[in-house]
Amino acid sequence: MLERVGAPMLAALAGVGEVSLFGLRAIREAFRPPYEFREVVRHTFEIGWKSTPLIATAGFAIGAVLSMHTRASLERFGAEAMIPAGLAMALVRETGPLVTALLVSGRVGAGIGAELGAMKVTEQIDALEAVAVDSFKFLAVTRILACVLALPLLTTIADVCGIIGGYVAEAAISGMSWQLYFNRAFSLIEFRDFIPATLKTAVFGMIIGTVACYLGFTTTQGTEGVGRTSTRSVVMSSILIIVINVVLVRLIFFLFPVRS
Amino acid sequence: MSPPREGRVAARPDEPAPAGRSASADRPGGQGEPAIRLEGVTKSFDNRKVLDDISLDVSEGTCFCLLGRSGTGKSVTLKHIIGLMKPDRGRVFVHGKDVTELKRRELSDVRRSMGFLFQNAALFDSFTVGENVAFPLRRHTDWPEHKIRETAKAKLADVGLADDFNKMPADLSGGMKKRAGLARAMALDPDILLVDEPSAGLDPITGDEIDELLVALKKKGTTLVMVTHNIPSARHVADELAMLHEGKMIARGTAQELDRSDNALVRTFMRSEGAG
């Protein structure tokens with residue numbers, strides 16, 4: 001029994017350990033020349049700009065839905081005036097960062113995993129090495145850095161679109177003006193709410209990039225393996241994001257205590 | 001006897017030596033040292049010995065051909081030479097440097113003097129054919145863009161793909177991919193060219209043209225290590241041949257010596273026409 005439960009647990013822990021070592025190597029290599037600035041910019045554009053429609057749409061819809069749910073709850077206490085502030089706080093502190101990370105892990109993580117996996121099984125990674133290019137730095141470090149840079153920007157877009165979505169829902173139901181909504185939304189929000197919550201998504205970006213690149217680099221068994229890499233990349237990074245988010249939230253509360 | 005060859009692809013002997021190409025006397029290791037030497041190389045995958053105590057040396061400016069049935073470790077040998085694989089035991093020297101011991105940067109320096117044509121070409125599928133050939137030039141020269149493009153086009157013309165610069169690899173046939181891969185391998189005019197089944201998937205005429213190109217490169221001083229199943233091609237291009245079987249080198253010598261081998265498998269192999 002212990003063996004049946006313990007073996008998969010050990011395998012999972014070993015996997016996390018290997019991904020962590022891969023990530024640490026990426027951090028170390030990122031600070032060593034030669035620097036691949038052009039590739040980082042190209043991938044940041046690919047990951048960031050091309051994810052913007054998805055993130056903006058999702059942020060808008062979530063803002064609208066949250067607004068409607070919040071209204072349904074707060075109406076019972078006659079506290080409808082708190083809807084914009086509550087919505088903005090929920091979006092900026094937690095919903096925006098987490099939803100953005102999970103969506104990017106689905107779109108980008110699967111893409112990176114499949115792309116690198118295909119390169120691995122068709123010997124393109126070996127071909128890079130054969131032309132004296134450091135494949136780890138050229139393929140993995142650049143994509144991981146791009147994820148780290150893109151996530152906070154995308155989260156900001158999700159937050160803004162979510163607040164706009166909340167306004168549209170609120171205006172449709174109560175006819176609240178934009179100016180009043182805006183004033184109320186930002187009445188409780190401070191930079192200390194926005195900065196740590198948004199910057200933590202850089203950690204999520206690191207997780208998405210590292211997991212996808214690690215799985216891509218270790219892909220075996222042809223096209224079947226590429227498909228498996230793509231799926232595992234999304235599953236593994238999503239689980240890690242959700243679990244590590246708990247630690248990061250605790251850390252943020254410790255470093256930036258909520259004022260009573 | 002080899003058929004007469006009038007290939008439209010041809011190396012250009014008058015072409016100036018580009019990036020990093022050095023005269024053989026200036027190369028690391030100096031004259032007299034073999035360009036490539038393997039000493040007792042042994043490699044296993046999943047407890048299966050693919051290479052078993054393989055030793056060989058290749059003199060500069062010659063062509064060494066590895067023969068053998070599929071799965072006998074020929075491609076693995078090439079990957080050891082360029083440092084993509086490390087032997088479980090033994091050493092691999094390129095221009096006198098043990099590539100199994102080199103640090104990444106030193107290994108990169110050695111690789112810059114080598115070109116590698118992969119068995120499946122391994123073109124970067126997100127780049128055009130031209131970008132594939134230009135890629136090593138972009139990475140390792142400080143040439144202006146127009147010179148990089150001109151050189152890439154010239155290399156593609158050498159393999160008969162002058163009109164395919166802007167095509168994507170997915171739009172090429174298997175044989176065309178192979179030729180584009182060869183153009184990329186030749187981009188930096190390497191001292192050593194490792195070619196894995198260069199004529200596989202090519203029609204006989206284009207295969208002959210590629211053979212002529214390899215002969216011309218050899219005449220210019222390039223050291224070639226070729227893996228092939230195409231015996232007529234091996235006879236035409238190679239100075240020395242070796243046959244691998246079940247991880248061991250069972251024969252080595254000139255084509256004529258292998259024709260007279262005591263080993264029946266070697267004689268049978270040498271009598272075959274091969275399918276490229």
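**A quick look at chains A and B**

Of the 260 residues in chain A, buried ones make up 43%. Keep in mind as you browse that this is a predicted model.

**Chain A**
- The C-alpha trace of chain A spans about 65 × 50 × 35 Å along its principal axes.
- Among the contacts in chain A with a separation of 6 or more, 88% are between residues 24 or more positions apart.

**The largest nonpolar core**
- This core holds 143 residues, and helix H5 of chain A (residues 135–174) gives the most to it, with 17 residues.
- The residues with the most contacts inside the core include Cys147(A) and Val211(A) from chain A, along with Cys65(B), Ala183(B), Leu194(B), Val225(B) and Met226(B) from chain B.
- Ala183(B) is worth a click: beyond its neighbours within four places in sequence, Ala183(B) is in contact with Val133(B), Lys155(B), Leu156(B), Asp158(B), Val159(B) and Leu161(B).

**Where the chains touch**
- Chain B brings 15 residues to the contact, and chain A brings eleven residues.
- On the side of chain B that touches chain A, helix H2 (104–112) and helix H3 (129–140) of chain B are the elements that give two or more residues.
- That side of chain B has eight nonpolar, three polar and four charged residues.

Conventions:
Residues are numbered from 1 along each chain as its sequence is written. Chains are lettered from A and ligands numbered from 1 in the order in which they are written. This is a predicted model: local features need pLDDT of at least 70, side-chain atom pairs count only at pLDDT 80 or more; totals for chains, interfaces and linings use all residues. Two residues are in contact if their C-beta atoms, placed from the backbone, lie within 7 Å. Helices (H or I, at least four residues) and strands (E, at least two) are DSSP runs, numbered from the N terminus. Ala, Val, Leu, Ile, Met, Phe, Trp, Tyr, Cys and Pro count as nonpolar, Asp, Glu, Lys and Arg as charged, and the others, Gly among them, as polar. A nonpolar core is a set of buried Ala, Val, Leu, Ile, Met, Phe, Trp, Tyr and Cys residues joined through C-beta atoms within 7 Å. A residue is buried if 20 or more other C-beta atoms lie within 10 Å of its own, exposed if 12 or fewer, and partly exposed in between; C-beta atoms are placed from the backbone.
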